[in-house]
Amino acid sequence: MPGRWAYNILYRVGAARLSRGWDKGPGPEIVELAESGRLSPGLVTPPRVVDLGCGTGANVNYLAERGFDAVGVDFSTVAIERARADAEQKGLSDRTTFVVGDVTAERIEGVEGPFGLAIVYNTLQDLLGEDRVAVASLVRALTLPGSFVVLWCWYGEPSELPLFTFNGPSRLMPFVVSAKDVDELFGRHFSIERLPDPRPETGKACFLMRRAR
């Protein structure tokens with residue numbers, strides 16, 4: 001995974017132009033789930049959200065506007081500064097908390113569960129090996145049976161990627177999550193539903209998971 005300095009530079013100069021679709025508002029899948037009523041403060045218990053790898057806080061602030069108490073974690077200090085500023089501008093400071101932290105840590109100071117919803121959006125594919133296991137462990141530590149998880153990732157089999165492309169992962173930069181990865185990381189503790197969007201041909205996937213135990 002790139003170092004903190006790299007993410008700080010991306011967020012400082014404009015992540016929407018330089019990165020793979022960051023910083024473009026709340027995830028459309030999050031919006032669809034919220035507006036359809038599948039994820040609402042009345043159904044999510046407790047009505048608290050944690051976004052692990054929140055970037056500039058678009059998902060956090062959107063869900064706070066819809067009545068959730070929401071916490072965002074990111075290891076980019078620049079991203080967290082921007083998230084806090086956006087929350088203050090929107091009058092959401094009393095419903096949001098933003099923490100500079102490492103989502104692969106066993107515990108993050110200032111982030112206390114339980115949460116009824118955990119979000120891992122455009123984060124997991126940038127991690128490898130034990131760091132992915134650590135994120136899944138943190139999700140379990142912060143949730144309870146019945147809690148929801150939204151996972152968005154670049155998705156596919158590394159062997160099936162193009163050798164090189166400017167539009168997403170490649171065999172030279174195989175930052176994807178496979179079906180086996182999702183099952184091994186979450187299948188034991190969560191029911192897993194792949195949402196219809198993004199479509200399979202995009203090389204991306206979004207999953208709605210619910211903790212069973």
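These are my notebook entries on a predicted model of one protein chain.

**Overall layout.** I started with the secondary structure and found seven helices and seven strands in the protein chain. Read from the N terminus, the order of the elements is α-α-α-β-α-β-α-β-β-α-β-α-β-β.

**Surface and burial.** I then looked up how much of the chain is covered. The protein chain has 213 residues, and 49% of them count as buried. Its accessible surface comes to about 10,400 Å², with 52% of that belonging to carbon and sulfur atoms.

**Helix H3.** I picked out helix H3, which spans residues 28–35. Which of its residues are buried? I noted Glu29, Ile30, Val31, Leu33 and Ala34 as buried. I next looked for what covers the buried residues of H3, and the cover includes helix H4 (58–65) and the strands E4 (115–121), E5 (143–154) and E7 (204–211). After H3 comes Gly37, with a positive phi near 90°.

**Cysteines.** I searched the whole structure for disulfides and found zero. Cys153 is in no disulfide, and the nearest cysteine sulfur, that of Cys206, is 8.2 Å away. A disulfide would need the two sulfur atoms within 2.5 Å.

Key
Residues are numbered from 1 along each chain as its sequence is written. This is a predicted model: local features need pLDDT of at least 70, side-chain atom pairs count only at pLDDT 80 or more; totals for chains, interfaces and linings use all residues. Side-chain values use heavy atoms; hydrogens and water are left out. Helices (H or I, at least four residues) and strands (E, at least two) are DSSP runs, numbered from the N terminus. Buried means under 20% relative accessible area, exposed over 50%, partly exposed in between (1.4 Å probe, protein chains only). Accessible areas come from the Shrake-Rupley method with a 1.4 Å probe; for residues, only the protein chains shown count as cover. Contact means heavy atoms within 4.5 Å.
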